Amino acid sequence: ETAVFQTPNYHVTQVGNEVSFNCKQTLGHDTMYWYKQDSKKLLKIMFSYNNKQLIVNETVPRRFSPQSSDKAHLNLRIKSVEPEDSAVYLCASSRDHSNERLFFGHGTKLSVL
Amino acid sequence: QQKVQQSPESLIVPEGAMTSLNCTFSDSASQYFAWYRQHSGKAPKALMSIFSNGEKEEGRFTIHLNKASLHFSLHIRDSQPSDSALYLCAVNSGTYQRFGTGTKLQVVP
C-alpha cells in the first residue's frame with residue numbers, strides 16, 4: 001500500500017535543463033526527506049524537512065533546491081542538471097525526525113544525457 | 001561524520017539456509033538501528049529496528065545489536081527466493097538515518 005507518492009516515475013533530460021520532482025505523503029507524518037540513490041545503490045541524504053522547516057541540508061550542490069508548501073508535500077528542483085545528477089531520487093517520510101522508520105516512495109529515475 | 005558499512009557486499013545462499021548480514025557504524029552515541037529491504041526496481045521497505053543492546057525476533061528475521069562493538073546484524077532463518085533483494089542497514093545520526101553500502105542477497109532454489 002503506497003502512501004508516499006512521487007511524480008514523475010522517470011525523466012530524461014539534457015545537460016543544463018531544469019527539472020522538478022514532486023512528492024506527497026498521506027500518512028500524516030511531520031518529517032519528509034529526499035535521498036539520492038546512485039548507480040551503486042548507495043542511499044545518500046540530501047534534505048530533510050520537519051513540519052515545513054528545513055532541518056537537514058547535506059553537502060548538496062546549490063543547483064538543488066527543496067520546496068515544501070505543507071508538511072505533506074516536499075518537492076525537489078534541480079536548476080541546471082549535470083550528468084552526475086543521473087540517479088534515482090527517493091522521497092521518504094517518518095512520524096518525526098528522531099528514531100522512526102522511514103516510508104519511501106517508488107522513486108524518480110533521472111537520466112541526464 | 002558517521003560511517004556506516006555493510007558486509008558482505010553480495011551473498012548467494014541456498015533456499016532454507018540461514019543468512020547473516022552485518023553492519024558496522026562509527027558513532028557510539030547512535031540510538032536507532034534499522035534494516036531495510038529493497039527488491040529490484042522497488043522502494044526500500046523497513047524490515048525491523050532496534051534501540052538497545054540485545055536481540056529482537058520477528059518471524060524468520062532476527063536483529064542483533066552490540067553497541068560496544070559498534071555492530072549490528074540481521075539473520076534470516078529458512079531463507080526463501082523471495083528474500084532475494086538489496087538489504088540496507090541504517091543508523092540514526094541525529095535528525096536523519098544514514099544508510100550503509102548495501103548487501104545484495106540472492107537465494108537460489
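A:Lys41 sits in the loop between β4 (31-37) and β5 (43-50) of chain A, where strands are DSSP runs of E, at least two residues long, numbered from the N terminus. Its phi is near 75 degrees, a positive value in a residue other than glycine. A:Lys41 is partly exposed, with a relative accessible area of 41%; on this scale, buried means under 20%, exposed over 50% and partly exposed in between (1.4 Å probe, protein chains only). A:Lys52 also has a positive phi, near 75 degrees, and belongs to the loop between β5 and β6 (53-57) of chain A.

A word on the source: this is a predicted model, in which local features need pLDDT of at least 70 and side-chain atom pairs count only at pLDDT 80 or more, while totals for chains, interfaces and linings use all residues. Residues are numbered from 1 along each chain as its sequence is written, chains are lettered from A and ligands numbered from 1 in the order in which they are written, and side-chain values use heavy atoms, leaving out hydrogens and water.

Two cis peptide bonds turn up as well. One runs from A:Thr7 to A:Pro8, with omega near -5 degrees, and the other from B:Ser7 to B:Pro8, with omega near -10 degrees. B:Pro8 is found in the loop between β1 and β2 (10-14) of chain B.

Chain B has an open sheet of five strands, ordered β1-β3-β8-β7-β6 with antiparallel pairing; two strands pair if DSSP finds at least two bridges between them. Its edges are β1 (4-7) and β6 (54-58), each pairing on one side only. Inside the sheet, β7 (residues 61-66) and β8 (residues 71-76) are joined by six bridges, and B:Leu65 stands opposite B:Phe72.

B:Phe72 is also among the residues with the most contacts inside the largest nonpolar core, which has 22 residues. Such a core is a set of buried Ala, Val, Leu, Ile, Met, Phe, Trp, Tyr and Cys residues joined through side-chain atoms within 4.5 Å. Strand β9 of chain B gives the most to this core, with four residues. Apart from it lies another core, of 20 residues, including A:Cys23 and A:Ile78.

Finally, B:Tyr36 in strand β4 of chain B is buried, at 0% relative accessible area.
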